[in-house]
Amino acid sequence: MKRNVFRYLVPVLLLFLIATVASPKKVDQLDLRVHEWGTFTSIAGENGAAISWQPFGGPTDLPCFVDRLRNFKTSILGTVRMETPVLYFYGPRESTANVKVFFPKGVITEWYPKAAAGSLNNVMEWRDVRISPDGRSDFPIERAQSHYYAARQTDSASLQVGPQKEKFLFYRGVGTFPLPISAKMLDRGRILVKNLGADAVSALIHFENRGGKFRYQLAGLVGSGITLDSESLHGNLPALEADLDNILVEHGLYKKEAQAMIATWRDSWFEEGSRLIYIVPRSVVDSILPLEIQPNPVQIVRVFVGRMEIITPAILEDVKQAIANHDQPSLEKYSRFLEPIAKRIGARSPLLAAVYTSYLSRASACSR
């Protein structure tokens, strides 16, 4: 009896094995590498924590073909401006993927190519992204100069979503969420930097531009905390760019990606003022901006630079003097950070109001 059962069972098992091997399998992973970079910009308050401000106002040099949130530009407050995350794709052959990014504690304000946005604009989904490693470059471009185009200078694949083509997926936003560090001004030009998270914060840089004089200090790893001294600032801009390039590559970006990021943000990172620049821990990035890509890539690299503005006594005095002397150009150099600086000293004047109005009126030259 047992022999008869075994005799019938063996052919059934063989047929099942053949069918299993021969049937097409669902593709659950692509031979694809995805690299992303972006910036979290904030302003340190008097107690060191990031303050609420209006980061989504003022001029932008984004091309007009970029989609953006309409009619809300000057009313969105937050503690962080999430600036220009871009997603690059690398693969040996043509492929298609679905990409979804979540921003649960913020609003996505600009994006390209076209995407399906959540009802609160805190989710962005690009469906059926065609990934072509052939390197074609028929991307949209406008006459006006823009830092947007610098991000295209990489070896990544070309992307297409519907009829729109680009070298990357792009998005920006405003949010209110905990940052990994705080920065409090102490006496004698010192800054107390505290690590507020569980993971060490790496590659901390203290940068200062006062009247076109550039100085910086590469402080490195921040465990529980560190005190910085402005007297230790030194160096020059080329040396700083070289250090930043090395830091970005060490954290996973390709060389051309690092160069593209620095080229995109050179004018902003190194503008007038005092600031901290650091690498946001990967765990923090993933918690703030959960990312889903299907099928799963074999690698996802996410390198986000934190930028925290420091309102120093020298900056406060500079703004006070500019207001007293009706020196509008000196006020304008602080651009989007002027209002938080003026609030710190309790300053209100027709001149400040005129500078704010002029700045916000240049929010965008796009008419659509």
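**Close-up views of a predicted model**

**View 1. Helix H2 meets helix H3.** Glu241, Leu244, Asp245, Leu248 and Val249 of H2 are in contact with Lys255, Ala258, Gln259, Met261, Ile262, Arg266 and Trp269 of H3. Contact means heavy atoms within 4.5 Å. By class, this contact holds seven nonpolar, one polar and four charged residues. Ala, Val, Leu, Ile, Met, Phe, Trp, Tyr, Cys and Pro count as nonpolar; Asp, Glu, Lys and Arg count as charged; the others, Gly among them, count as polar. Helices (H or I, at least four residues) and strands (E, at least two) are DSSP runs, numbered from the N terminus.

This is a predicted model: local features need pLDDT of at least 70, side-chain atom pairs count only at pLDDT 80 or more, and totals for chains, interfaces and linings use all residues. Residues are numbered from 1 along each chain as its sequence is written, and side-chain values use heavy atoms, with hydrogens and water left out.

**View 2. The axes of H2 and H3.** H2 spans residues 237–250 and H3 spans residues 255–269; their axes come within 9 Å and cross at roughly 135°. H2 is therefore oblique to H3. Angles under 35 degrees count as roughly parallel, over 145 as roughly antiparallel, 65 to 115 as roughly perpendicular, and the rest as oblique. Axes are lines fitted to C-alpha atoms, for helices over the stretch in contact, and angles run from 0 to 180 degrees between N-to-C directions.

**View 3. Two cis peptide bonds.** Tyrosine 112 and proline 113 are joined by a cis peptide bond, with omega about -5°. Proline 113 sits in the loop between strand S5 (106–112) and strand S6 (116–117). Another cis bond links glutamine 294 to proline 295, with omega about -5°. Proline 295 lies in the loop between strand S17 (291–294) and strand S18 (296–310).

View 4. Most residues other than glycine have a negative phi. Threonine 84 has a positive phi of about 45°. Threonine 84 lies in strand S3 (residues 80–90) and is buried, at 5% relative accessible area. Arginine 188 has a positive phi of about 55°. Arginine 188 is in the loop between strand S11 (181–185) and strand S12 (190–195) and is exposed, at 63% relative accessibility. Buried means under 20% relative accessible area, exposed over 50%, partly exposed in between (1.4 Å probe, protein chains only).
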